[in-house]
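Q: Hi! Could you walk me through this one while I have it open?
A: Happy to, let's have a look.

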Amino acid sequence: MTYLEIILESFKMLSSWEMLLWTAIGCLIGVWIGAIPGVSAVTALSVLLIPSTYLKPLTGIAFLTAIYCGSLMGGSISATLLNVPGTPGAVATCFDAFPMTKRGESHKALGLSLISSVVGCLISWILVLFLFRPITSIVLKFGPAEMLMVVIFALTMMGVAGVGMRKTLIGASFGMLLAAVGASTYGYTRANLNMAALIEGINSVPFIIGMFAVSELFFILEKGTIVEGGKIEKHSFRNTAKGVLSGFREYFRHILTSLRSAVVGMLIGLLPAAGSSVSSVVCYGLAQNSSKDPDSYGKGNPDGIVAAETANNAAEGGALAVLMAFGIPGSGAAAILMSCFIMLGMTPGPSLIRDNASFAYSVILVNILTGLMLLAVGFLFVLLCSGVVNVPVRILVPMVLIFTFFGASSVRGFTLEGVLMVIFGIVGYFYRKGGYPVLSLVLGFILGKMLEGNLIRTILLYSDDLGSLFSKPIVLILLGCTVLMFFWPRAKKAFSERKERKANNNN
Amino acid sequence: MSERKSRFVFLAIATVMCLYIFLDSQKLSFKNSIYVTVMFVIFITMTVWEVLAEMRTVQREKKEAVPEKEGSSEDTKEAKEPFYKNKKLILVAAMLLFVALMSIFGFFVAALVSYIFLTFLLGTRNPVQLLVIPVITLALIYVIFVMLFNIRLPQGLLF
């Protein structure tokens, strides 16, 4: 079968109203689940895994992937309206979307998030459709040394926060030390307060909810309102739709950022354990680094929302492509999708591509369709949810508190997660109020575990011949990118200062 | 609370937490503790540098300072307010109540009691907002997430 014949055959498999209906339902469930902090797509996928096997194979997989895709977009809704990232991938969205809400531009920010998510999803799946085999083969070339370089490259992004090296390093090292709680790479426990529940370390959900949502409650109570200066947007469907559409128009001014984030996000998504949270933070840093006005990031710059949201949805395409090509699940959600493939008799891996190529390609096509559906479903959901910012603070704060505790406690059903969330909420309030950069703390925490593990594995593998590390092309490319990323903002600043000095001298 | 005070409070809490992680990891072998040690050295060096820089700024500001009018600063305003009316302290109390009740009575009772506690102290007197809204919300959470999605929440004596 030629490539064209496979694609045509895949298109035939898509033409069923039943599949369209279940994809739309999946999108709706996903957006709704994603908007609730702490409740991840993994929960919804694990509950709906068995029911999905009663559907036709492609319809079942389309339903589950639509939930996954929708949840990534849904996470941005609570991030935009309440500074509560619904999913870890929406952390970077908070940086600029919530300041826009505070400025009274929540509808526009929601529109930007929605269109960026849709474009991220579409571009990554279109890339997968045309370059399925070459891009997935990259993954097999990634060992511990390459992963270590990816982590180091990602860590250079924190240098763009613009608050000085001292504050950035305090945040990053604090985050990395918190990530070190629990079992070390060799399996020995440390700093777990002799509690069995902490052997796995501090879960990212209570950490993120505490740092963002709970600390934000203190700020809301301090100011008495979410929206500053009384610029509250009137909540009506017409007004919201107008605002969301203005976000769509604004998106086109940031299309280059979106395209770059989609490609980089998809490539990061290919790597096991990296996923949407790493891709969104890295692409956010890249956007800030390449911007002419990096200081406006974190203060409501639409470019930051576009970069983060495009990247976190684009990562999904990469992760699922690797799953289908090699049977390697890069995340919890991907592992459940893998079970679904197996239960439906389509074991992911090289055999799937060899024996059922048209099925694999129809999964890719159905995800492109899901991206388009997400636009409609997300739009409806945004219309319904956008009024949250108008709820009086005396009701909103207690209600958000219930949901934050629900999100944190639902991770494992322990009270401990609630306690951790409160601690990080209080620490987060002082951290943010003290003017420390949230980006470096989050990067340190997310990448800390990956850094330690890959560093030790690299040392163990190459301790006899460290020079051989530099004969690896991917390591060298990533090293070059890291050096470039580290010096680029400084060089740019020096150039602009020189230019200014010259202009002043001429005047 | 001023930015500077917040910085000092954060650095104090973070130093205690990091010091514990560092000291506890020292019981392990060199290869198990080296990563934490390096991170701790970076953290503590930057923290000491930050504190010294802040103290230098405080001293400089004191020298240049013009006496502030009484009651003009944010801190003085907070100090004048009785502690039971400080909304941030009320929130902390509500969270502590939530945690304490959750470990004894479970999530749902803790959520209901702390919601009523917080909403009441933030100024709500309307019985619908005080009671009906949280009961409906918690019932929906129970039906959708506990019964349908089988999510495990902390359980206690009552729920």
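**Chain A meets chain B**

A: Let's start at the interface: across chain A and chain B, the rule finds three salt bridges. Keep in mind that this is a predicted model.

Q: Nice. Which side chain does A:Arg166 meet in a salt bridge?
A: That of B:Glu50, with N to O at 2.7 Å.

Q: And how many residue pairs are in polar contact between the chains?
A: The count is 14 residue pairs, both partners at pLDDT 80 or more. On the chain A side, the elements that each supply at least two residues touching chain B include α8 (165-179), α9 (204-223) and α19 (438-462).

Q: What area do the two chains bury between them?
A: About 6000 Å², with 79% of it on carbon and sulfur atoms. In chain A, the residues losing the most area to chain B are A:Arg166, A:Leu177 and A:Phe430, together 12% of what that side buries. As for contacts, 66 residues of chain A touch 62 residues of chain B.

Q: Switching topic: where is confidence lowest in chain A?
A: In helix α1 (residues 3-14), at a mean of 76, while helix α18 (residues 415-433) is highest at 94. The mean pLDDT of chain A is 86.

Q: Over to chain B. Is B:Ser114 buried or exposed?
A: Buried, because its relative accessibility is 1%. B:Ser114 sits in helix α5 (residues 107-121) of chain B.

Q: What does its side chain reach?
A: The side chain of B:Ser114 reaches the backbone oxygen of B:Ala110, at 2.4 Å. Beyond its neighbours within four places in sequence, B:Ser114 contacts B:Ala94, B:Leu97 and B:Phe98.

Conventions. Residues are numbered from 1 along each chain as its sequence is written. Chains are lettered from A and ligands numbered from 1 in the order in which they are written. This is a predicted model: local features need pLDDT of at least 70, side-chain atom pairs count only at pLDDT 80 or more; totals for chains, interfaces and linings use all residues. Side-chain values use heavy atoms; hydrogens and water are left out. pLDDT is the predictor's confidence in each residue, from 0 to 100. Helices (H or I, at least four residues) and strands (E, at least two) are DSSP runs, numbered from the N terminus. Buried means under 20% relative accessible area, exposed over 50%, partly exposed in between (1.4 Å probe, protein chains only). A polar contact is a pair of N or O atoms within 3.5 Å; within protein, one must be able to donate a hydrogen and the other to accept it, and residues adjacent in sequence count only if both atoms are side-chain atoms. Contact means heavy atoms within 4.5 Å. Buried area is the accessible area (1.4 Å probe) that two parts lose on being put together, summed over both. A salt bridge is a side-chain nitrogen of Lys or Arg within 4 Å of a carboxyl oxygen of Asp or Glu.
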